[in-house]
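Biologist: I have a model open and would like to understand the terms used to describe it. Could you take me through them?

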Amino acid sequence: MTAGSASSGGAVSLRRVRVTFDGTDAVADASVDIAPGEFVCLLGPSGCGKSTLLNVVAGFVAVTDGEALVDGQPVRGPDVSRGMVFQSSDALFPWLRVSENIAFGPRMRRVPKGRRDEIVARYVDLVGLAHAADRFPPQLSGGMKQRVQIARVLANEPSVVLMDEPFGALDAQTREVMQREVERIWQETHPTILFVTHDIDEAVLLADRVLTMTAGPSGRIKSEYRIELPRPRDETSEEAIELHRALRNDIAVEVSKTLRTQERMAG
Ligand SMILES: Nc1ncnc2c1ncn2[C@@H]1O[C@H](COP(=O)(O)OP(=O)(O)OP(=O)(O)O)[C@@H](O)[C@H]1O
Ligand SMILES: [Mg+2]
């Protein structure tokens, strides 16, 4: 692939995935098929196993039972073709410039310098940071740091991008800008995206499909909502508001279950 080409999405399949930590199921029985290039949001109460599922696809966490497949191949560990964007910008290397953070993956893969420079130029530009390429992460705002994380992942031309509440720590205005940016970048590069959020509006704005999860422990995928509204979406449209309401009700039930479980455990 050349630096100018778009990465193409991978097909992700979870088949009856169970993940147990210390004898307790974090995820009980999760199955889903995600199409190449699909944008899927995962919503659910705290502790239901969203990050765990993302970590399974990333290859950071092994399944206890079942299977996680990408393009039909079982996930056996981390790989640059599956990149993760974390909520915290601590994921960046503070001692490397923006351009060097982005070049890090290609450098590890021994991509020749000339080609590496092309990749950095493409992705620094794609995330709108060409003017800040020589800065260090501590010299960036929260939104800019998240752009660097996204560019650093995309520089590996991944087929699957995993995003774990990537904008959870940003202020509302910056978050809105970043949501539009992620949508634009996805439309340009078209990886498969699995995106965890607590923000229902964010899911309605971005997802081709929203999956909700049941309360943990033993979280499962509860229901799915296909969103076929044209993009860019208007969250004040009647359909978006209706969808928001349905998702809120769906999740509220699970959040109250989580609270009851916590109360029981507290005695
Ligand atoms: N490495 C681990 N070791 C032990 N338990 C873990 C580990 N990772 C997650 N868990 C447990 O698994 C359950 C699911 O955690 P997970 O982080 O996937 O939830 P989440 O849905 O991402 O929650 P949040 O919305 O708060 O981020 C929780 O009970 C958590 O304590
Ligand atoms: Mg989480």
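Predicted model: local features only at pLDDT ≥ 70, side-chain atom pairs only at ≥ 80, totals over all residues.

Biologist: Then what makes β7 and β8 a pair?

Modeller: Strand β7 (residues 160-164) and strand β8 (residues 192-196) are joined by five bridges, and the requirement is at least two, so they pair. Their sense is parallel, with Val-160 opposite Thr-192 in β8.

Biologist: And what makes β1 and β4 a pair?

Modeller: Again, five bridges link strand β1 (residues 12-21) with strand β4 (residues 65-70). At least two are needed, so this is a pair too. Here the strands run antiparallel, and Val-12 faces Val-70 in β4.

Biologist: Why are β2 and β5 called edge strands?

Modeller: The open sheet of four strands has the order β2-β1-β4-β5, with antiparallel pairing. Its edge strands, β2 (24-34) and β5 (73-74), each pair on one side only.

Biologist: Which strands are at the edges of the sheet of six?

Modeller: That open sheet has the order β6-β7-β8-β3-β9-β10, with mixed pairing. β6 (82-85) and β10 (221-226) are the edge strands, each pairing on one side only. On average, neighbouring strands of this sheet are turned by 20 degrees against each other, direction ignored.

Biologist: Why is α2 called oblique to α3?

Modeller: Helix α2 (residues 98-108) and helix α3 (residues 113-126) pack at an angle of about 125 degrees, with their axes 9 Å apart. Roughly perpendicular covers 65 to 115, and roughly antiparallel starts over 145, so α2 is oblique to α3. The crossing of the two helices is right-handed.

Biologist: Which residues make that contact?

Modeller: From α2 come Val-98, Ser-99, Ile-102, Ala-103, Pro-106 and Arg-107, and from α3 Arg-116, Ile-119, Val-120, Tyr-123 and Val-124. By class, eight are nonpolar, one is polar and two are charged.

Methods
Residues numbered from 1 in each chain as written. Chains lettered and ligands numbered in written order. Axes fitted to C-alpha atoms, helices over the stretch in contact; angles between N-to-C directions. Parallel < 35°, antiparallel > 145°, perpendicular 65-115°, else oblique. Left-handed = near helix turned anticlockwise from the far one by under 90°. Contact = placed C-beta atoms within 7 Å. Nonpolar A, V, L, I, M, F, W, Y, C, P; charged D, E, K, R; others polar.
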